[in-house]
Amino acid sequence: MVTYFEATLEQVSVHRVGNKALNEFYNLSENTLHIEDETLRRLLMQYFLSPFEKAYEVFRFTHSSDDRSLNELFHFSSMIFDDQSAFHSLSGQITKHLFTISNHPKIKSGELYIATFRDIQLEGELVDAIGIFKSETKESYLKVNLEDGGFALTYEEDAINITKLDKGCLIFNTEKDEGYKVIVIDQTNRNDAAYWKDEFLQLKIRNDNFNKTSTTLGVCKDFITNKIDEDFEISKADKIDLLNKSLKYFKEKESFDLNEFSEEVIGNPKAIESFKKFSRQYNNEFDAELDQPFDISGAAVKKQAKVFKSILKLDKNFHIYIHGNKDLIEKGFDEGKSMNYYKVFFREEQ
């Protein structure tokens, strides 16, 4: 998580980048922005940095050849950190690189802001950083002005909403040998999402406790919702019960152990073997190391809990929320109506 109450905005360069596939071009500014208005500086800090306050996943630069120095953004970032006087020139090189990979017809043109910051707090450490931000979405705004005898109404078109950053990344000047720490924001069209993180930045997730917790919860959810009924007959109510038990384990334990989780949550010996086989396949494919114990990240659990659904949907008439004892709900079949039913036991209505 990022906090920036101690941070300082040092330099900002603004360029415009078009879509190469649509025969658009790029425009480079001659100089960095000269910002004297402190209100404008504060608004820029809010626009650039506030979206990262709830970003937990940390990435690192990588390259398909395994030679990280061939990653353009890693190279440009290293040069900026080493020599601040080269900042504006290198910001133009970054813009050209983004233009080069903007080949999808759905990629929008927009302004590219490249900035340097001092003393952003990341994981309890004050670190200098480079920020790269792209604004693609423009909006219209109404303005009300006080005039003699009343008010006047005007408007401004093609303006930027400073509460909605389209795309951005922060590159922190720490752990260079491992590919720096990088945090990414992308809140626009999912059809073009890959080009920002995978093609422009070329990132891989850092294999820390947040990522391991998030990934393991995802593997558990995938196994319970999609895989387990390939080998076993299991009702949706039992699936929801397993999901609830999985989430409960992660909320109550300080660390994850595959064998302990399997025994306490999965329970059935054959299902345990099926789950371990499923997790081994994931480990082999993504080098995730989920078979090794790790400390559970509370922030990751909180984030993943939002996608753990405990709702049993019955046709279009009823939804049953199962939060506790699964033994208090029984499934049956009514021969006369040729329909399934659930019997729910409770002590009092609320």
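Me: Which residues make the nonpolar surface patch?
Reply: Leu142, Val144, Leu146, Phe151, Leu153 and Tyr155 make a nonpolar patch of about 810 Å². The elements that give two or more residues to this patch are β7 (139-147) and β8 (150-159). Before going on: this is a predicted model, where local features need pLDDT of at least 70, side-chain atom pairs count only at pLDDT 80 or more, and totals for chains, interfaces and linings use all residues. Residues are numbered from 1 along each chain as its sequence is written, and side-chain values use heavy atoms, with hydrogens and water left out.

Me: What gets a residue into a patch?
Reply: Over 30% relative accessible area and no salt bridge; like charges are joined within 9 Å, and nonpolar side chains (Val, Leu, Ile, Met, Phe, Trp, Tyr) within 5 Å. A salt bridge is a side-chain nitrogen of Lys or Arg within 4 Å of a carboxyl oxygen of Asp or Glu. Areas come from Shrake-Rupley with a 1.4 Å probe, and for residues only the protein chains shown count as cover. Strands (E, at least two residues) and helices (H or I, at least four) are DSSP runs numbered from the N terminus.

Me: And Val144, buried or exposed?
Reply: Val144 sits in strand β7 and is exposed, at 57% relative accessible area. The cut-offs are under 20% for buried and over 50% for exposed, with partly exposed in between (1.4 Å probe, protein chains only).

Me: OK, voids. How many cavities of 30 Å³ or more does a search find?
Reply: One, over the whole structure. The largest cavity holds about 40 Å³ of space. On a 1 Å grid over the protein atoms alone, a cavity is a set of points where a 1.4 Å probe fits but cannot get out, while a pocket is an open set with protein on both sides within 12 Å along at least five of seven lines; lining residues have an atom within 4 Å of a point. Points are joined across faces, edges and corners, and the volume is the space filled by probe spheres set on them.

Me: What lines the largest cavity?
Reply: Thr216, Val219, Cys220, Phe256, Leu258, Phe275, Ser279 and Leu290. α5 (209-231) and α8 (269-286) each supply at least two of the lining residues, and α5 has the largest share, with three. By class that lining is six nonpolar, two polar and no charged. Here Ala, Val, Leu, Ile, Met, Phe, Trp, Tyr, Cys and Pro are nonpolar, Asp, Glu, Lys and Arg are charged, and the others, Gly among them, are polar.

Me: What about the second largest pocket, what's its volume?
Reply: About 450 Å³. Its lining has 15 residues, with Leu314, Asp315, Asn340, Tyr341 and Tyr342 nearest the centre. β17 gives the most to that lining, four residues.

Me: Switching to backbone: what's the phi of Asn23?
Reply: About 60°, a positive value although Asn23 is not a glycine. Asn23 lies in the loop between β2 (8-17) and β3 (26-27), and counts as exposed at 74% relative accessibility.

Me: And where is Glu123 found?
Reply: In the loop between β5 (110-122) and β6 (125-135). Phi of Glu123 is near 55°, again positive in a residue other than glycine. Glu123 is partly exposed, at 42% relative accessible area.

Me: Last one: is Ile80 buried or exposed?
Reply: Buried, at 0% relative accessibility. Ile80 is in helix α2 (residues 72-82).
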